[in-house]
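The sequence and the structure come next.

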Amino acid sequence: MDVETNTGGPPKYVMLSENGGDGGVRPPPYRRNIPRYHSTAQPYKKKGNCCLKCICCFYCFLFILIFGLSSFVFYIYAIYQPKMPTYKVDHIGIGAFDLQADFSLYTEFDVTVRAENPNERITIFYAPESSIAITYSDSTLCTGKIPTFKQGHQNVTFMDIVLKGKSEFGSGLQEALLDNRKTGKIPLLIIVRAPIVIEMGDLPLKQVTFLVNCSLVIDSLTPRKQVKILSTTYHGAIELS
């Protein structure tokens with residue numbers, strides 16, 4: 001009988017010894033496979049870095065915006081050098097100051113206002129929604145409107161404005177007016193509300209409103225007589241539309 005011998009490579013069969021002697025091969029020890037769980041949540045460190053980047057980008061954008069606006073305002077101021085227009089009551093005349101049968105007072109004033117635009121490159125357009133009123137002792141005597149026109153740069157314009165009105169003439173107002181007439185010092189208040197549009201070159205800007213209060217003292221209220229202006233005080237403000 002032929003015996004097949006294996007001359008190369010490991011034997012096909014391994015005999016295990018019952019006594020576990022050195023001549024046998026022991027099986028590998030039993031090992032338990034511990035499952036591993038992979039977390040899908042991002043580490044806290046990455047979230048913090050993302051928020052920090054967003055904050056840095058926001059502050060960089062804010063800085064660029066502020067710098068750009070500041071540069072634009074500086075450029076406009078350096079090129080156009082804007083200046084406030086000035087207003088002055090140049091003349092006032094009394095057309096009518098009549099006490100009616102119903103004890104009301106009818107008045108008519110002729111007021112000349114001097115408006116100056118000192119700017120070299122700025123044009124002022126006077127809008128139609130203007131108003132001017134003359135009051136005495138907190139009572140409105142007459143009202144009118146400023147004419148609509150376009151005032152060029154470095155220009156002085158005299159506006160002739162007619163104001164008319166009818167108001168109640170109570171006993172308290174009569175006594176105060178008689179006292180002022182005796183002293184020759186009659187205080188009046190002229191209230192001007194002038195909406196204007198400023199044009200820088202060919203670029204019109206947003207409409208603003210000039211508010212001017214002129215407290216003046218005149219010597220007479222006699223119709224068709226030359227009135228002398230004794231003193232004037234001006235207060236102005238700007239109202240954004």
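## The loop between S4 and S5

Asp138 sits in the loop that links S4 and S5. Helices (H or I, at least four residues) and strands (E, at least two) are DSSP runs, numbered from the N terminus. The phi of Asp138 is near 65 degrees, which is positive although the residue is other than glycine. Asp138 is exposed, at 80% relative accessibility; buried means under 20% relative accessible area, exposed over 50%, and partly exposed in between (1.4 Å probe, protein chains only).

Ser137 belongs to the loop between strand S4 (131-136) and strand S5 (139-144). Ser137 is not a glycine either, yet has a positive phi of about 55 degrees. With a relative accessible area of 49%, Ser137 is partly exposed.

## Basis of the model

The model is predicted: local features need pLDDT of at least 70 and side-chain atom pairs count only at pLDDT 80 or more, while totals for chains, interfaces and linings use all residues. Residues are numbered from 1 along each chain as its sequence is written, and side-chain values use heavy atoms, with hydrogens and water left out.

## Strand pairing around S8

Two strands pair if DSSP finds at least two bridges between them. S8 runs antiparallel to S10, joined by 11 bridges, and Ile191 stands opposite Asn213 in S10. S3 and S8 are antiparallel with 5 bridges; here Phe125 has Val197 of S8 as its bridge partner. S4 also pairs with S8 in the antiparallel sense, over 5 bridges, and Ile134 is bridged to Ile190 in S8.

S8 is joined to strand S9 (residues 203-204) by 2 antiparallel bridges, and Glu199 has Pro204 as its partner in S9. The hairpin of S8 and S9 has 2 residues between the strands, and Gly201 takes a positive phi near 70 degrees there.

## Nonpolar core

A nonpolar core is a set of buried Ala, Val, Leu, Ile, Met, Phe, Trp, Tyr and Cys residues joined through side-chain atoms within 4.5 Å. The largest one holds 39 residues, and those with the most contacts inside it include Val111, Ile134 and Ile190. Beyond its neighbours within four places in sequence, Val111 has contacts that include Val89, Ile134 and Met159, where contact means heavy atoms within 4.5 Å.

## Pocket and cavities

On a 1 Å grid over the protein atoms alone, a cavity is a set of points where a 1.4 Å probe fits but cannot get out, and a pocket is an open set with protein on both sides within 12 Å along at least five of seven lines; lining residues have an atom within 4 Å of a point. Grid points are joined across faces, edges and corners, and a volume is the space filled by probe spheres set on the points. The largest pocket has about 380 Å³ of space. Its lining has 20 residues, with Pro82, Ile122, Ile198, Met200 and Leu205 the closest to the centre. H1 gives the largest share of this lining, 4 residues.

There are 2 cavities of 30 Å³ or more. The largest cavity has about 100 Å³ of space and is lined by 13 residues, among them Tyr87, Val89 and Val192. S1 supplies the largest share of that lining, 3 residues. The second largest cavity has about 30 Å³ of space, and its lining includes Phe97, Tyr136 and Leu177.
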